[in-house]
Amino acid sequence: MKTRPVSPAPIDAAQVEWVLGNLRWLLIAAMALTAALNRGAWQASETAFLALFLLTGFYNLLVLLALVFVRSPLPLPGITLAGDVLITLSFIAITGGLNSPLFFFAFLPILTAALRFNWWAGELVTLGLVGGLVLWEWIRTRSVLVFPSFFVHGSVLALGALLAGAVGDRLKREILRELHLRELAQQRLLAQARQQLQGIFELAAALGQMRRIEEILHATLEVSESLFRGSGYPAPPMFIALLDPEGLQVAAARRLPLRDERIRLHGVAGAIREALESGEATLCSNPAQDPELGRLVVMRVAQAALLLPLGIGPERYGVLVIGSLDPQALTGERRDLLRLIAIQASIALQNALLYHTLQQEKERLVDVEEEARRRLARELHDGPTQSVAALAMRLNFLHKLFQHDPAQLPSELEKAERMARQAVQELRQFLFRLRPLILESQGLVAALTHLAERFQETEPFAIHVEADPRVDQALDPNAKGLVFSIIEEALNNARKHAEPQNVWIRVKVEGDQLQVSVEDDGRGFDPQALRADYSRRGSLGMLSMMERAELLGGELQVESAIGQGTRVRLQVPLPGAALDAKASAREEAR
């Protein structure tokens, strides 16, 4: 970004007056000391001198107070210049006039006039001072013999005014030039800061649209590196290490040797651990001695390392590490800007991880939906479809029987009627499993009772339901549906594979846990062999139960042995709100 040239700024008059006001105290003290040391060279009233001395101090105090408290514009340079001339004339007049030891203090107002304005101002003040002294001597002595002496002294003062004006002009030009250079330097710093902030804003906008973690990491390093360009510090080595189950792995780096990029850090000691635990920027003053950073070659020659944790809240994704040969390169505004970059990178990483999680969940739901379609097709084919097909064949047989042997029609019609009733029952049971409306209207206990009744209509084994009525108050509707699906799946497995005589469904509340078990007295199986055979069988029944248990935040266990039956156990933590409600109900009952 190019800086626009500007004209030199004028010198602040208030600052000049403040400096002169403080110098005036020294000059007043110097005049008093000089007059006291040369007491024998002048004759005057000490009372008048002390009064003038006090008046001068009061005048200077008023000038300084005006600079501090008065905000309205005042012609202060002109006022103070006139005051300095009058005070100087008064001191010289009462301490001996032309022979006064304070005569050359007349250079004070002359110099200030030349510095404030120009050489001609110094000459005017010289003329005023000499004229005032001549007038004073004429009034006091009524003699013109002193005029030649005043001419000589006045010439010296006028020459001093010329020199002061020349020096003052040069001094002002140098001051203006210095101020101009400072202003240009400040503009360059502001332009650089503006460019850095713009880079951070552009990074934030770009990171918000990135979905790949690699892109986010490299963009973060690029912007971090840009903060060192044009700063006088060399571009430092930097890397981002992301957390994984085995520790920290370097995922992106700048100026790291290949050996360092392959190193795996553990993050359990030193500055890395401090940064990850505190969540704040951490400056390591001696990375070569750090138990983990010291393992990297580039950190053994670095004098400092800045570690910026990447994460939102208590969650940590990794750490950004920047090394430097000069510790000052990692302090001040640059450190604050690097911290902002780390925050933006953390937000982008969180969004990317959420996006990938949602994508995985979407793919999983698609797989589950596809498996549900296949399962629905299989159940329709193995159940109601077979029954309806058999009924159609029976009706075709009845049609032929009607033509050749009508006497057998009554018994065959009874068989066809039983087949039709069985098909209807299977369809009702199938529809109930698809959407148990009773679960939404009457609760889990009623739904389990109805499920057992439906199974009893078609299955030879007995189903015993033991359900605690408190479960309907302890679970929300979604949780009830998941628990019901797990029990139904376990019951279907028992129907298909176990050949039991009895099945027990137990649902109860124990403390802050919901305990569910589905137990049968069938032939049992080897759970380890079943899990090993999942990939070949292509069955997802057990996996679907485990996924539903995870959604509930619970734990599913399957206990079985060949010839000893099977028990499916589900343990689910109950919500705190439900526990509080139950506790309140118990207190009210008491």
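Modeller: Let me begin with pairing, since two strands are said to pair if DSSP finds at least two bridges between them. The model is a predicted one, and in it Glu555 stands opposite Gln571 in strand 11.

Colleague: How do you know that strand 10 and strand 11 pair, and in which sense?

Modeller: The requirement is at least two bridges, and strand 10 and strand 11, the latter spanning residues 566-573, are joined over 6 bridges in the antiparallel sense. They therefore count as paired under that requirement.

Colleague: What makes strand 7 and strand 10 the edge strands?

Modeller: The open sheet has 5 strands with mixed pairing, in the order 7-8-9-11-10. Strand 7 (462-467) and strand 10 (555-560) each pair on one side only, and from one strand to the next the twist averages 10 degrees.

Colleague: Which helix lies across strand 7, strand 8, strand 9, strand 10 and strand 11?

Modeller: Helix 17 does, running at about 15 degrees to strand 9. With 9 residues, helix 17 (residues 477-498) also gives the most to the largest nonpolar core, a core of 40 residues in which Leu444, Val483, Ile487, Val507, Leu514 and Leu570 have the most contacts. Once neighbours within four places in sequence are set aside, Val483 is in contact with Leu444, Leu475, Leu514, Val516, Leu552 and Leu570. There is also a second, separate core of 32 residues, which includes Ile240, Ala329, Leu330 and Leu338.

Colleague: Why is Thr56 called buried?

Modeller: The label applies under 20% relative accessible area, and Thr56 has 2% relative accessibility, so Thr56 counts as buried. Thr56 belongs to helix 2 (residues 46-69), and, not counting residues up to four places away in sequence, touches Ile28, Ile87 and Phe91.

Colleague: How do you know that the buried residues of helix 9 line one face?

Modeller: In helix 9 (residues 270-278) the buried residues include Ala271, Ile272, Ala275 and Leu276. Viewed down the axis of helix 9, the buried residues fall within an arc of 130 degrees, so they line one face of the helix. Among the strands they pack against are strand 1 (238-244), strand 2 (247-254) and strand 5 (304-310). Just after helix 9, Gly279 takes a positive phi of about 75 degrees.

Conventions:
Residues numbered from 1 in each chain as written. Predicted model: local features only at pLDDT ≥ 70, side-chain atom pairs only at ≥ 80, totals over all residues. Heavy atoms only, no water. Core = buried A, V, L, I, M, F, W, Y, C linked by side-chain atoms within 4.5 Å. Buried < 20%, exposed > 50% of the residue type's maximum accessible area, 1.4 Å probe, protein only. Helix = DSSP H or I, 4+ residues; strand = E, 2+ residues; numbered from the N terminus. Contact = heavy atoms within 4.5 Å. Axes fitted to C-alpha atoms, helices over the stretch in contact; angles between N-to-C directions. Arc of directions from axis to C-beta.
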